[in-house]
Amino acid sequence: MGIRAKILSGFMILATMLLIAGGWSIYELKNIGLSVQNILDENYRSIDASKVMIESLERADSAVLLILLGRKDEGLAILEIAEEHFQKAYETAGNNVTISGEQSYVEAVGKAYAEYRESWPQVSFNPGNGKDSSWYIRESNPSFLKAKQTVSDLLDLNTRVMYKMASHSESRAHRATMPGIIAMASAFIFAIVFSFFINLYVISPIIQLTSGIRDYMERGKPLNIRVESEDEISMLVSSVEQLINKSKI
């Protein structure tokens, strides 16, 4: 094999190793990106819906208190808006069930909210009625807290799963770098070995040949160069030796 082919094959091997390292890393990182996107699509939507439901419940509770304080119109307006926002968020959560067991959490939220909502018609619109405050403490507030807790449980479920999946993605990202690191380390070692052989079979013979020619011209010392490879370098050394021998005749 000639010098050109040797050098070209060496660089081709080096380029192939780097290409494999880069391709593998890109493949893994692309999969991680898709995984993260799935996390956002599957869990964040439910998390956001849960937060809206909690906010709507809190607004509904405030509306009930406003009605009990005699601010009927203001309270009913807030109650209507809170109901609308809750129902939209609940529908979103129900259509985005992606976790094992999540459906039971969603059903628990719906049941607890229905129980809380059934208590609204019992609100007395006469401010100052002692029964109003006792009714709120005895029935409305516990129903509100129960509904809020079920939504919080749904929120916690999705948060835990999202954190778990994010941790898994982080672990995958770490694993994705390993093939690239191994391939680059192998390429670095190969480059060192390749440079050693280039120096041994190309650079060193050329230096010996140059030194031998100089010694022959300056001191008449016979040219004595050993080349182990059979390539252009050996042909060059042989040609120089023939030229020197012809010059002696």
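**View 1. The buried side of helix α3.** Glu 102, Val 106, Val 109, Ala 112, Tyr 113 and Tyr 116 are the buried residues of α3 (buried is under 20% relative accessible area, exposed over 50%, partly exposed in between, with a 1.4 Å probe and protein chains only). Seen down the helix axis, these residues fall within an arc of 130 degrees, so they line one face of α3; the arc is taken from the directions from the axis to the C-beta atoms. Turned away from that side are the exposed Lys 111 and Glu 118. This is a predicted model, in which local features need pLDDT of at least 70 and side-chain atom pairs pLDDT 80 or more, while totals for chains, interfaces and linings use all residues. Residues are numbered from 1 along each chain as its sequence is written, and side-chain values use heavy atoms, without hydrogens and water.

**View 2. The length of helix α3.** The 17 residues of α3 (residues 102-118) should span 24 Å at 1.5 Å a residue, and the end C-alpha atoms, 25 Å apart, agree with this. The expected span is 1.5 Å times one less than the number of residues.

**View 3. A nonpolar patch around Val 193.** Phe 188, Ile 189, Ile 192, Val 193, Phe 196, Phe 197 and Leu 200 make a nonpolar surface patch of about 690 Å². Patch residues have over 30% relative accessible area and no salt bridge (a Lys or Arg side-chain nitrogen within 4 Å of an Asp or Glu carboxyl oxygen), with nonpolar side chains joined within 5 Å. Val 193 sits in helix α4 (residues 130-219) and, at 38% relative accessibility, counts as partly exposed.

Note on methods. Patch = residues over 30% accessible without salt bridge, like charges linked within 9 Å, V, L, I, M, F, W, Y side chains within 5 Å. Areas by Shrake-Rupley, 256 points an atom, 1.4 Å probe, with all protein chains shown as cover. Helix = DSSP H or I, 4+ residues; strand = E, 2+ residues; numbered from the N terminus.
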